[in-house]
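Q: Could we go through this structure together? I would like to discuss side-chain pairs, backbone angles and cavities.

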Number of protein chains: 2
Amino acid sequence: MKKKILAFGVSTFALMAGAVNASADEAWRYFIGDHEKAQITVIEQGNDPIVWDQLAEPARLHLSEDGELLFAVQRSKGRVDVAETGLHVEDHGDHGDLHLEAPAWQGLFLTGARPTHFVLHGDEVAAFMDGTGSVAKVDVSAFDDAFEVNYTVTDAPHHGVAVPLHDHMLITAPNMEEPGSLPNHVQVLDKDGEQLGDLHECKGLHGEASSMHKIAFACIDGILVFDEDDLSKSAFLPYLEELGEGRSGRLDGGKTVQFFAGNFGKDKMIFIDVEGEGSFTSVQFEAPLVSGYLNPANSGEAFAHTADGKLHKIDAFSAKIVASIDATAPVDMEQPWYAPRPNFTFAGDHIALVEPLANALKLISTDELAVLEVIDVAGKPYSIVAAGGHLSDH
Amino acid sequence: MKKKILAFGVSTFALMAGAVNASADEAWRYFIGDHEKAQITVIEQGNDPIVWDQLAEPARLHLSEDGELLFAVQRSKGRVDVAETGLHVEDHGDHGDLHLEAPAWQGLFLTGARPTHFVLHGDEVAAFMDGTGSVAKVDVSAFDDAFEVNYTVTDAPHHGVAVPLHDHMLITAPNMEEPGSLPNHVQVLDKDGEQLGDLHECKGLHGEASSMHKIAFACIDGILVFDEDDLSKSAFLPYLEELGEGRSGRLDGGKTVQFFAGNFGKDKMIFIDVEGEGSFTSVQFEAPLVSGYLNPANSGEAFAHTADGKLHKIDAFSAKIVASIDATAPVDMEQPWYAPRPNFTFAGDHIALVEPLANALKLISTDELAVLEVIDVAGKPYSIVAAGGHLSDH
C-alpha cells in the first residue's frame, strides 16, 4: 500500500540542493517509524514517499549491518517485522558494489513475549524477549522464506540483552534474588548453549555496544568489556571518581576506531578507551542529554542532542565540544523515556534528525553542522534508520 | 512454486469413481506433510497437486476450526508457518455457504523455542513453546498482516499445553520439583494472566481435548475435566480398575455429542462420558493401537488403526468393534513415536489415511469401511488434514 503523504520542503531543497547532492552517485533512503501510528514512512529524494502500515503498533527500527534489511520491533504486540531496504551489496572480490532497488515489505520476522533489545552483530541478530528471558537468534545472511530460529533460554524473564558471536553468545543472566530488576551478570555460552567459565559481574546492566572486536556492557559502577577473540575473561573498568555521580545506561561503539561512547548521568557523555586498564573522558552539557552517538564514518567525532534543542559536534578523543547549533525546539525531559523525543542517525556526511512534534526530518551536515534541508513528514516521525551510500556506476 | 509430482491412481479411481463422487457438490482438499522432506503436498481431485516447500523442516499440520487456515508446526527450527486452505465460509445468517478458492501459502505465523502442542479452540489458537514454557495466543479470526500475539509465561520451560477460552485460559503449570518431567497441574488464568483459584492436580499430564463446553486432560491416574461455563472447579475421573494397567496420553473430543475418546496402555482405546461422576468403557485390540479418533461427523463412531495394519470401526457408546479391514502394512511399534507411521483424518464420509512407507493416501468410506481409492503421493506422506465439505451452489 503506497500513500503519498508528504512533499519535500521545496524552498529549502532549492536552496541547499548543491550541498545535498554534493555527490551525484550517492543515495540515501530514510526509514522512519511513527510515534503514534503503526506505520513506517520511506523517504528518498526523487521518489514519492512510501508508507508501510502492516504493523501491529508503532515500531522501533533497526538496520542490518549490511544495510539490506530493516527490522521493526513491536514490543507490546509480541512481534518483529522485516523489510528489504532495497540496498544490495554486490561482492566484487576486492570491493563491494552498492545497488539500490525498490524497498519491499516482507512481513513477520519473529514473535515473542516483549521483544526489546535487538542486537545486530555481523550477520547475526539476537532478539531478546524480556517476557520469557529468552533470545531468538537468526543468521541474517541466510534470511529467506524458511529461515531457522535458534533459541537460548535463561533462567527467568528479565530485561536482558544478548550479543551473537557465531559459535558463542554473550547473554545476561537474570537476577534470581530480585526478579524484575536489571540483570547483574553476563554469561558466555558456547554453541550448544553451555555456559563457559563463571558469571561476569555487571551490576544493574543496561546498555551494550560493540566496537571492532570488543563488546562493552554498561553497569551501575563501570563498564564490563569482552574481547571476541578471548571470551575466557573480561575486564571491568570502574567509572572514575571525577566523572561524578551517575552511571551509563546507553552505549555506542566506534566503527572506524575501537572506541566507545555513552551517556552518563543526566547531562554528560563519556568516551571510553577500553584497551588495557581503560580510560574515560567526559563532556558536560548545559542541558540534559537527549541522545548522543559516535559518527560511524569517523569514530573520532561524536554528536549529541541536548534538551535545550542544541546539536553538538564533539571531538571524541579530547571530549571537547567543537560546534553547536540550534537543531530542535527544547525537549521536555520530565516526560517518560517513551515520549516523542527527537532522535537522529547518520547518512554518509549527514545527520538525519527526526523531530516528532515538528513533523520534520532534518538533514544536517556533519562537517559544518549546518541544517541543509528540512523535510516535512506527516505524523510524528520518531525512530529513524538510513540505508544508502555511494552507488556503483559500473 | 508448483510441482506436478503424482497422478491419481487411475485404475482404482475408475473403479470407485461413483463412490468418491457420490456428492457432486462436495469437495475435499488434502494437505499432507512429508515425514522426511520439508514440504507439504496439496491434493485435490481434478487439480494438479501443489507442493509447498518454503518450510524449515518436516512439519506437523493443524487446521483451524473453520477450515480456512492451515498451520505447519516446525518444532526444532522454532517456527510455525501458515497457509490459506482456500476454503471460505460465507455467513448467510441462518447458514454458512462454503466456497473453495485456490490455496495460498502465507509464510511465517509464529516463532518460539520448541513450539509443540498447538491447540485450536473456537477462533483462537494457543501454541505452547516447550523451550520457554510460554504460550503464544492468536485470535485466528483477526488473522491479517499485522495480527497481535499475546503471551502467557509459566514459571519454567516444560512440555505443556494451553487451551484458549477467550477471557480465560487453561494452562499447565510446570513441575518445579522435577524440571523436565511432565506437568502435574493445570491452572486457570483470567484475561490478565492472573491465576484463579488453586492449581488443579493432573499428575503426569499428557493429552488434551475439548468436546462441546468440556475440556479434558489425560493424567497418569485419570481424566481431569473442566467446564468452560464454570472454571472455578474441575472434576477428576479416576481410571476404573477394570481398565487394567496403563494410562491415556492422547485424547479426542466429540464434535456432535459431548464425549471423549483416548488411547489407553498399548492396545486399548477408552471412551469417556464426563457428565456427573463419569463413566469409562474400553475396547481391547489384538495389536497395539497406532491411532484412534472419534468421527467428527458422528461422535457415536470411532475409528482405530492398529499395528497389524487393520482399520477398525467402533461403536463408541458400546465400545464394540463393528467392522475391521486390512488398511495398511503392519506397523513396527518398536520404532520411536516419530517414526513414519500411518495416520488418518476425516473428510466428510471418508477417512483419509496416509501410509508413509507405501507412498499412499487411501480414501476409505466411513460407512462401509471400504478402500475406495489409493492415491500415489511422492515421498513419505505423514501428517494429514483435510479441508472441504458441501460447496454452495447458489
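A: Let us begin with a term: a residue counts as buried under 20% relative accessible area, as exposed over 50%, and as partly exposed in between. With that cut-off, B:His166 is partly exposed, because its relative accessibility is 45%. Please note that this is a predicted model.

Q: Where does B:His166 lie in chain B?
A: B:His166 belongs to the loop between strand E14 (162-165) and E15 of chain B.

Q: And what is the phi of B:His166?
A: The phi of B:His166 is near 55°, a positive value in a residue other than glycine. Most residues other than glycine have a negative phi.

Q: What about the phi of A:Ala319?
A: For A:Ala319, phi is near 60°, again a positive value in a residue other than glycine. A:Ala319 is part of the loop between strand E28 (310-315) and strand E29 (320-326) of chain A.

Q: Is A:Ala319 buried or exposed?
A: A:Ala319 counts as buried, because its relative accessibility is 8%.

Q: Changing topic: how many salt bridges are there over all chains?
A: A search of the whole structure gives 22 salt bridges over all chains. Side chains of opposite charge can pair when their charged atoms come close.

Q: Which residue forms a salt bridge with A:Glu44?
A: The partner is A:Arg29, and the closest N and O atoms of the two are 2.8 Å apart.

Q: Are A:Glu44 and A:Arg29 buried or exposed?
A: A:Glu44 counts as buried at 12% relative accessibility. A:Arg29 is buried as well, with a relative accessible area of 4%.

Q: Which residue pairs with B:Lys77 in a salt bridge?
A: B:Lys77 forms a salt bridge with A:Glu148, with the closest N and O atoms 3.3 Å apart. B:Lys77 is in the loop between strand E5 (69-74) and strand E6 (79-84) of chain B, while A:Glu148 is in the loop between strand E12 (134-139) and strand E13 (150-153) of chain A, so the pair joins two chains.

Q: How does accessibility look for B:Lys77 and A:Glu148?
A: B:Lys77 is partly exposed at 23% relative accessibility. A:Glu148 is partly exposed too, at 34%.

Q: What does B:Arg75 pair with?
A: B:Arg75 forms a salt bridge with B:Asp130, the closest N and O atoms being 3.1 Å apart. This pair links distant parts of the chain, 55 residues apart: B:Arg75 is in the loop between E5 and E6 of chain B, and B:Asp130 is in the loop between strand E11 (124-129) and strand E12 (134-139) of chain B.

Q: Which accessibility classes do B:Arg75 and B:Asp130 fall into?
A: B:Arg75 counts as partly exposed, at 32% relative accessibility. B:Asp130 counts as buried, at 3%.

Q: Which side chain has a polar contact with A:Glu373?
A: The side chain of A:Gln45 does, in a polar contact of 3.1 Å.

Q: Moving to cavities, how many of 30 Å³ or more are there?
A: The structure holds 4 of them. The largest cavity has a volume of about 70 Å³.

Q: Which residues lie nearest the centre of the largest cavity?
A: A:Thr132, A:Ser134, B:Gly112, B:Thr132 and B:Ser134 lie nearest its centre, out of 14 residues that line the largest cavity. By class, its lining has 6 nonpolar, 8 polar and no charged residues.

Q: Lastly, how far is B:Met176 from B:Pro164?
A: Their C-alpha atoms are separated by 23 Å, and the two residues are 12 residues apart along the chain. B:Met176 is in the loop between strand E15 (168-173) and strand E16 (185-189) of chain B. B:Met176 is partly exposed, with a relative accessible area of 47%.

How values were computed
Residues numbered from 1 in each chain as written. Chains lettered and ligands numbered in written order. Predicted model: local features only at pLDDT ≥ 70, side-chain atom pairs only at ≥ 80, totals over all residues. Heavy atoms only, no water. 1 Å grid on protein atoms, 1.4 Å probe; cavity = no way out; pocket = protein on both sides within 12 Å on 5 of 7 lines; lining within 4 Å. Points joined across faces, edges and corners; volume = space filled by probe spheres on them. Nonpolar A, V, L, I, M, F, W, Y, C, P; charged D, E, K, R; others polar. Polar contact = N/O pair within 3.5 Å; in protein donor to acceptor, adjacent residues only side chain to side chain. Salt bridge = Lys/Arg side-chain N within 4 Å of Asp/Glu carboxyl O. Buried < 20%, exposed > 50% of the residue type's maximum accessible area, 1.4 Å probe, protein only. Helix = DSSP H or I, 4+ residues; strand = E, 2+ residues; numbered from the N terminus.
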